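Please keep the sequence and the model in view while reading.

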Amino acid sequence: MEGKPQVEIYDTTLRDGAQMEGVNFSLQDKLRITEKLDEMGFHYIEGGWPGANPKDVAFFREVRKLPLKHAKICAFGSTRRADSAVEEDRNIRLLLESEAPVITIFGKSWTLHVTEALKTTLDENLRMIEDSVSYLRKQGREVIYDAEHFFDGYKADPEYALKTLQVAWEAGAQILVLCDTNGGTLPHEVEEIMKVVRERLGMDVPLGIHAHNDSGVAVANSIAAVRMGAVQVQGTVNGYGERCGNANLCTVIPNLWFKMGVASIPEDRIRKLFELSHFVSEIANLRHDDYQPYVGRSAFTHKGGIHASAILRHPATYEHVSPEAVGNQRRILVSDQSGKSNIVYRAREMGVDLDPKDPRVDALVQRIKEAENSGYQFEGADASFEILLRETLGEKVKFFDLESFRVIVEKRREENTVTEATVKIRVDEDVVHTVAEGDGPVHALDNALRKALERLYPALKRIRLSDYKVRVLSEKEGTAAKIRVLIQSTDGERVWGTVGVSTNIIEASWEALADSVRYGLWRKLRKEK
């Protein structure tokens, strides 16, 4: 990072991010995320608001035991209450009792908030800012001042908003962070207002940016602020936060590094952004956004045949940075928009070197397009595609043939529903006939198929169904609609997806289930050879 301008990364996932609808971090969750952020080389980690709840109190106690190597832990809180002594203010006392080395304190910049939310005078608000910052500095803490609603405050009364910053700086704040709390400011406004702030306060006053995403430009506003000299960016992993979220640090960090030549976290940690993003979404128990820039699974995914063809020649034709730079990977999808290049690329990923001139490639492309026209989707069914590929090339991935199956669902008054499946399959010259029960039709079919095959293929015991999704393809057809079933399976080492389509949900499920078993067995036997 030598020679590059430096910006500090201030993470507020544990507070702002925890305010997102559907997120509820446990104490252990917060500690695990803290360790991961420290490992990534983040400069500041905001742990929460001491006293707001028992969990945050416990966090500041337990985080002291973590052997953090890089990040400073920050406690967040407000200025003292109106018309009270700072020494006697409970919020200020709890901030100090947290023993956090850094205290981030916010004050009001907008006259509307001073008179309507705080119900106090403009002069008293200035004294609240001055007293709070000065007192915390005298207690030996590093103080970051968050100018809440600064951009809205500036638009309403520029002189007063600037005065709040002046007071905080003169009281000893070590950095002034301009907050777009309502998320309604646009990038050009950020630049114009920050220019005035720097002219008024002086170029030596360090500024930061804290942007919310209500207008969809939190990342753009953060970048604009850095262009105007901001030396700290506050945000959250994956952009989590209240309402529409905060500036997404997983986008800000690579934008700064790759687009602006601005360093933040260590370069080798940038390659772990994909891992960090997915780690936090897993801890938050939220489905990861596949379409997120840089770290989404689809960020470097190519579907169109022309795109895939160009990517094979040179990745820069359709990729603005290398996916490996952030720990992601390139994906070429196979679909009804595929050309030969998609098929050749995917085949290479699967260890099959295909010549584009091979007539079997044309046949495979045609089969895929016809299948997708019938409702199949191979984007999330990599195993079904590989079975199709291998069989087209003459490789055996069959293992068994279906003779028949029958599913009976019986409900008796108030008793639990009972599901029974009968499966008759042929393995070479042998016909195996089994019956099994399950919690539902698919579970019963799965159990019956396993019962029939496990004696011949013991490896099947390690394969289990891990996810099951149903999609109605033609809703206007009502109960006669075509159904697509996607099944995800695992053997403990790898996860694969299969697909089935039919107007009968049981038949579609069987098709996906049978492909899943075939692929798992084929992969196991191939590995043993």
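Leaving aside its neighbours within four places in sequence, which residues is His-210 in contact with?

## Surroundings of His-210

The model is a predicted one. Beyond four places in sequence, His-210 is in contact with Thr-12, Arg-15, Asp-16, Asp-146, Val-177, Leu-178, Cys-179, Asp-180, Gln-234 and Asn-246. His-210 lies in strand E7, which covers residues 207–211.

With a relative accessible area of 5%, His-210 is buried, because that value is under 20%. The side chain of His-210 forms a polar contact of 2.6 Å with that of Gln-234 and another, of 3.5 Å, with the side chain of Asn-246.

In soluble globular proteins, nonpolar side chains tend to be buried together. Here the largest nonpolar core has 89 residues, and those with the most contacts inside it are Phe-42, Tyr-145, Phe-150, Leu-176 and Val-197. Helix H7 (residues 158–171) gives the most to this core, contributing seven residues.

Apart from neighbours within four places in sequence, Leu-176 has contacts that include Tyr-145, Leu-165, Trp-169 and Leu-201. A second, separate core has 34 residues, among them Phe-400, Leu-449, Ile-487 and Tyr-519.

## A three-stranded sheet

Three strands form an open sheet in the order E14-E15-E16, and their pairing is antiparallel. Strand E14 (464–472) and strand E16 (495–502) are the edge strands, each pairing on one side only. On average, neighbouring strands of this sheet are turned by 20 degrees against each other, direction ignored.

Strand E15 (residues 483–490) is joined to E16 by eight bridges. Ile-487, listed above in the second core, has Thr-498 in E16 as its bridge partner.

Terms used
Residues are numbered from 1 along each chain as its sequence is written. This is a predicted model: local features need pLDDT of at least 70, side-chain atom pairs count only at pLDDT 80 or more; totals for chains, interfaces and linings use all residues. Side-chain values use heavy atoms; hydrogens and water are left out. A nonpolar core is a set of buried Ala, Val, Leu, Ile, Met, Phe, Trp, Tyr and Cys residues joined through side-chain atoms within 4.5 Å. Buried means under 20% relative accessible area, exposed over 50%, partly exposed in between (1.4 Å probe, protein chains only). Helices (H or I, at least four residues) and strands (E, at least two) are DSSP runs, numbered from the N terminus. Contact means heavy atoms within 4.5 Å. Two strands pair if DSSP finds at least two bridges between them. Axes are lines fitted to C-alpha atoms, for helices over the stretch in contact, and angles run from 0 to 180 degrees between N-to-C directions. A polar contact is a pair of N or O atoms within 3.5 Å; within protein, one must be able to donate a hydrogen and the other to accept it, and residues adjacent in sequence count only if both atoms are side-chain atoms.
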